[in-house]
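Thank you all for making the time this morning. Please look at the display with me for a moment, and then I will walk you through it residue by residue.

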Amino acid sequence: MMHSEEIALHESVESFLKAHVAQSRTAVLERQLAESLPEHTAVVRRFGRYPHRNALYGRETTPEEQAWLDSDDCPGWAKSQMAK
């Protein structure tokens, strides 16, 4: 769900992960809650979508998105999925 561009799903997965981390103490879930989910959610909150998917979906990239994609602030998981 964290790969969705719908912010409501990000909020749902956050609740899900918090509940399951508290019960299971699973390292993978802890890492997703602590690192991956906040990074993904911040991108969707900022842009309303994942800019690195624009070419794939035939969307035009805004100047702000391009500046972020070109910057060191763009995480490796986003850069690794950009169309070449």
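This is a predicted model: local features need pLDDT of at least 70, side-chain atom pairs count only at pLDDT 80 or more; totals for chains, interfaces and linings use all residues.

I would like to begin with Ser4, which sits in the segment before H1, where helices are DSSP runs of H or I with at least four residues, strands are runs of E with at least two, and both are numbered from the N terminus. Residues are numbered from 1 along each chain as its sequence is written, and side-chain values use heavy atoms, with hydrogens and water left out.

Is Ser4 buried or exposed? Ser4 counts as buried because its relative accessibility is 18%, and buried means under 20% relative accessible area, exposed over 50%, and partly exposed in between, with a 1.4 Å probe and protein chains only. The side chain of Ser4 reaches the backbone nitrogen of Glu6 at 2.9 Å. If we leave aside neighbours within four places in sequence, Ser4 is in contact with Leu9, His10, Val44 and Tyr50, contact meaning heavy atoms within 4.5 Å.

A search of the whole structure finds 2 aromatic pairs, where rings of Phe, Tyr and Trp (its six-membered ring) pair if their centres lie within 6.5 Å, and planes under 30 degrees apart count as stacked, over 60 as edge-to-face and the rest as tilted. Phe47 and Trp68 form a tilted pair, with 5.4 Å from centre to centre and 55° between the planes. Because Phe47 lies in helix H2 and Trp68 in helix H4 (residues 63–70), this pair ties together parts that are 21 residues apart in sequence. Both Phe47 and Trp68 are buried. The other pair, Tyr50 with Trp77, is edge-to-face, at 6.0 Å centre to centre and 90° between the planes. This pair, too, links distant parts of the chain, since Tyr50 is in the loop between H2 and H3 while Trp77 is in helix H5 (residues 76–79), 27 residues away. Tyr50 is buried, its relative accessible area being 1%, and Trp77 is likewise buried, at 18%.

Which residues does Val43 touch, not counting those up to four places away in sequence? They are Gly48, Arg49, Tyr50, Pro51, Trp68 and Trp77. Val43 itself is found in helix H2, which covers residues 27–47, and Val43 is buried, with a relative accessible area of 6%. Val43 and Glu65 are 22 residues apart in sequence and 9.9 Å apart in space, C-alpha to C-alpha.

Let me turn to charge. Side chains of opposite charge can pair when their charged atoms come close. How many salt bridges does the structure hold? There are 5 salt bridges, each being a side-chain nitrogen of Lys or Arg within 4 Å of a carboxyl oxygen of Asp or Glu. In one of them, the side chains of Glu5 and Arg53 meet at 3.9 Å, N to O. This bridge links distant parts of the chain, with Glu5 in the segment before H1 and Arg53 in the loop between H2 and H3, 48 residues apart. Arg53 is buried, with a relative accessible area of 15%.

Glu64 forms a salt bridge with Arg46, and their closest N and O atoms are 3.5 Å apart. Here Glu64 in helix H4 is linked with Arg46 in helix H2, 18 residues apart. Glu64 counts as partly exposed at 45% relative accessibility, and Arg46 counts as partly exposed at 46%.

The side chains of Glu65 and Arg49 also meet in a salt bridge, at 2.7 Å, N to O. Glu65 is in helix H4 and Arg49 is in the loop between H2 and H3, 16 residues apart. Glu65 counts as buried at 2% relative accessibility, and Arg49 is buried as well, with a relative accessible area of 17%. Salt bridges that share partners also join Glu5, Arg53 and Arg59 into one network.

I will finish with Leu56, which is found in helix H3 (residues 54–57) and counts as exposed because its relative accessibility is 66%. Leu56 and Gln81 are 25 residues apart in sequence and 9.5 Å apart in space, C-alpha to C-alpha.

Notes:
A polar contact is a pair of N or O atoms within 3.5 Å; within protein, one must be able to donate a hydrogen and the other to accept it, and residues adjacent in sequence count only if both atoms are side-chain atoms.
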